[in-house]
Amino acid sequence: TVASIQLIHLLSLLIPRFLTPNYNFLTVCNMSNTFGGFTTTSPLSALSHNALNDLASNCVRDYFGPTCQTVFDCLITQGPSTLSQLMIKIRTRCKRDINPERSRLVEQMTPLSQRRSRANLNLTRGNEEKGFIVNISAVRAALIVLLQHSLVKAQLPPKADGTASSTTAIDGKNVKFQYTVELERAVHLQRFPRYVEYARKTYKEEGAAIVEELLVHGRMTSHEVVKCSTECVGRYLSDDVSDEEKLVLAQKIIDAFKTMVDDGFLEIVDPIGRAPVNEQEEYDGNEKPEEKLMEEDADDDDVFMDGGDKIDTALQSILKAQKYKKSFIQGAVWRVDYKMFHASLRSIYLGRLVTERYNVKVPFSGAIVSAALKFTASKEFSPMFKMKSATEDERQRFLEEKTVFTPNDVMNFLPQTILGELKNKAGGARTNLSSLLTTMAQFNYPPTIVEVEEAQGHPDGGKFEIAT
């Protein structure tokens, strides 16, 4: 038959390959590699499988390389650690055993490079592309990158009695910081493009440039955010832009910057303090200590802002204006609040699901759910809401009612077209919105809205909560 002929032909092609002396049959079993032959783990990767840890580790490798992944994995497996503890763990896994005789022979060899006084022996078990490192300068550089992008948090070690150390001890010579990973932030690295796209739709090109620059640099001061974002937008305008046009563009950037801060998409973080260098003495041996952990490149300014002493002075004066004084605190360092972006994107996707399910029965149901979720996210992350809860009782009440909302609360988060239709109907926007929420609260499979306080007779049109 035709099938038998095809089988015989296939065997005639495969059997000669198996009979060759240099062919290993086991290679047939290993030909299907899920990752295409790429290394996805570091020498410090945990043996026990944990999906969240593995995802965070792979995200760090994709964005920052195998060296940062090794340091990140070491902190995952070992927990909060100082630089000395990190070096002990990393060198235990990455450094190979070398007998004294080989070391003596290598020292007698003539170095290949004329700049070196003697030949160097490779101390690692593998190459750096696979995450094998033993040099403390590489570990220190990786820590700086992870700290800059808030993937690792530096904190003072607790005292002997268990209490937290005072921040005044940072200037001490013998302070050893402990480093802790931020797993959830590392997992969200893969969503950074969505954050930029969401900022572009909500805050136009100015907002997208601000988010893009902050995600690339990790954290920046107010002046750096405005200057780099102006450069980013200016690249797409023209090569010949006057100083007046630059200032107009910078003013738009500052306005978008302030709006995003007030909405909670950007947050203030403590600047990274200078890490102690005394821990290097225990491990470096013949290595020379680095005088600086990280230097700013003086020539990294783009052409768009060249000759900008006048522009820099104007930007500083604008940021210090009374209009922006409360938002842009002197010396503040900013980063993207990924939790607010995640909550906002989540509200859009859940709103689409509700639209597919209930929009025939209740018009605007998806938009209402999306607006309610955006309001609850603003209550949690926006500084405008945090300012209202000054006393301890107000904070406690705020936490208890964090997910509760009224029709008046979500009106500002509804699209203008939908809000206009609700206003044009008899009874006004609040009455119609309250009626729609009450109807949605009657749906049980799946539930979307929970009626916390009955809408009928309520001065605010009732209190509701999203059933998520």
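How many of the 468 residues in the protein chain are buried, as a percentage? Buried residues make up 41% of them, where buried means under 20% relative accessible area, exposed means over 50%, and partly exposed is in between (1.4 Å probe, protein chains only).

Before you click around: this is a predicted model, where local features need pLDDT of at least 70 and side-chain atom pairs count only at pLDDT 80 or more, while totals for chains, interfaces and linings use all residues. Residues are numbered from 1 along each chain as its sequence is written, and side-chain values use heavy atoms, with hydrogens and water left out.

**Whole chain**

Start with the cartoon view. The protein chain has 20 helices and eight strands; these are DSSP runs numbered from the N terminus, with helices being H or I of at least four residues and strands being E of at least two. Switch to a surface and you're looking at about 28,200 Å² of accessible area, 52% of it belonging to carbon and sulfur atoms (Shrake-Rupley method, 1.4 Å probe; for residues, only the protein chains shown count as cover). Of the contacts with a separation of 6 or more, 69% are between residues 24 or more positions apart; a contact means heavy atoms within 4.5 Å.

**Stop 1: strands 1 and 2**

Select 152-155, which is strand 1, and find A154 in it. The bridge partner of A154 in strand 2 is Y179. Leaving out residues up to four places away in sequence, A154 touches L147, Q178 and Y179. At 38% relative accessibility, A154 counts as partly exposed. For a distance check, draw a line from A154 to K176: they are 22 residues apart along the chain, and their C-alpha atoms are separated by 9.9 Å.

**Stop 2**

Next, select 220-221, 266-269 and 333-336, which are strand 3, strand 4 and strand 5. They form an open antiparallel sheet in the order 3-5-4. Strands 3 and 4 are the edges, each pairing on one side only. Two bridges join strand 3 to strand 5, and M220 stands opposite W334.

**Stop 3: the cavity**

Select H149, L151, R185, L189, F192, L214, L215 and G218 to see the lining of the largest cavity. On a 1 Å grid over the protein atoms alone, a cavity is a set of points where a 1.4 Å probe fits but cannot get out, and lining residues have an atom within 4 Å of a point. The count comes to one cavity of 30 Å³ or more, and about 70 Å³ of space lies in the largest. Helix 9 (residues 192-217) gives the largest share of the lining, three residues. By type, the lining has five nonpolar, two polar and one charged (Ala, Val, Leu, Ile, Met, Phe, Trp, Tyr, Cys and Pro count as nonpolar, Asp, Glu, Lys and Arg as charged, and the others, Gly among them, as polar).

**Stop 4: F405**

Finish at F405 in strand 6 (residues 404-405). F405 is buried, with a relative accessible area of 0%. Show its contacts, again skipping residues up to four places away in sequence: among them are A372, F375, L437, I449 and F464.

Definitions and conventions: Two strands pair if DSSP finds at least two bridges between them. On a 1 Å grid over the protein atoms alone, a cavity is a set of points where a 1.4 Å probe fits but cannot get out, and a pocket is an open set with protein on both sides within 12 Å along at least five of seven lines; lining residues have an atom within 4 Å of a point. Grid points are joined across faces, edges and corners, and a volume is the space filled by probe spheres set on the points.
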